[in-house]
Amino acid sequence: MALTFSKHFYLVSITSFYIFYLIHTFGLSVQSAQLYLFIFLGAVVAGTVIGGPIGDRIGTRRVIWWSILGVLPFTLALPYVGLFWTAVLSAIIGVTLASAFPAIVVYAQGLIPGRVGMVAGLFFGLAFGIAGIGAAVLGWVADHTSITFVYHICAFLPAIGLLAAFLPETGKSPAHRRAKSA
């Protein structure tokens with residue numbers, strides 16, 4: 001659940017405030033900033049779609065490690081780069097971070113067998129709840145500091161991915177099991 005928190009709290013910082021960040025930092029028009037948000041959201045869709053098959057192939061725990069912790073260097077760099085690299089890093093962050101969600105849900109379902117619906121409902125509910133609370137909290141922080149400060153703080157959220165070290169090993173990936181039984 002902590003991994004879902006870090007992932008969705010970071011995602012809501014982008015989806016809710018990215019346009020304002022681009023306008024404030026780079027002086028973009030609203031329309032131009034919306035195109036950058038579209039690129040990010042398209043990357044999130046792509047990451048969500050490819051995260052499942054990658055998890056099937058290499059294992060959900062590895063996808064969780066790669067997607068949540070592997071995105072950290074990119075999120076840390078994002079507040080310090082120019083407009084071109086902001087777009088590039090945003091796309092990388094979107095694909096990488098979103099690929100974790102299918103893996104997290106499947107991983108949790110494996111930890112609680114027979115409760116597939118409960119686990120899926122819990123994680124989807126948690127994701128939407130965290131996003132709503134995150135938007136409100138980050139908006140409050142931005143009002144009392146600045147949008148740039150919010151992006152500097154949120155850059156560290158994927159570091160919560162270090163908690164993935166405590167995830168128990170659930171066995172080999174499904175692809176490995178299929179190859180071994182063949």
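**An aromatic cluster and a helix pair**

Tyr-21, Phe-26 and Tyr-151 are joined into a cluster by ring pairs, a pair being two rings of Phe, Tyr or Trp (its six-membered ring) with centres within 6.5 Å. The model is a predicted one, in which local features need pLDDT of at least 70 and side-chain atom pairs count only at pLDDT 80 or more, while totals for chains, interfaces and linings use all residues. Residues are numbered from 1 along each chain as its sequence is written, and side-chain values use heavy atoms, with hydrogens and water left out.

Helices here are DSSP runs (H or I, at least four residues), numbered from the N terminus.

How do these residues sit relative to the surface? Tyr-21 and Tyr-151 are both buried, that is, under 20% relative accessible area, where exposed means over 50% and partly exposed lies in between (1.4 Å probe, protein chains only). For Tyr-21 the relative accessibility is 1%, whereas Phe-26 is partly exposed at 25%. Tyr-80, placed in the loop between helix H4 (72-77) and helix H5 (83-98), is exposed, with a relative accessible area of 61%. Tyr-80 and Tyr-151 are separated by 71 residues in sequence and by 10.0 Å in space, C-alpha to C-alpha.

Turning to helix packing, H6 (residues 100-111) and H7 (residues 116-144) pack at an angle of about 140 degrees, with their axes 9 Å apart. Axes are lines fitted to C-alpha atoms, for helices over the stretch in contact, and angles run from 0 to 180 degrees between N-to-C directions. That angle makes H6 oblique to H7 (under 35 degrees is roughly parallel, over 145 roughly antiparallel, 65 to 115 roughly perpendicular, and the rest oblique). In H6, Phe-101, Ile-104, Val-105, Ala-108 and Gln-109 meet Val-116, Val-119, Ala-120, Phe-123, Phe-124 and Ala-127 of H7, contact meaning heavy atoms within 4.5 Å.

Key:
Helices (H or I, at least four residues) and strands (E, at least two) are DSSP runs, numbered from the N terminus. Rings of Phe, Tyr and Trp (its six-membered ring) pair if their centres lie within 6.5 Å; planes under 30 degrees apart count as stacked, over 60 as edge-to-face and the rest as tilted.
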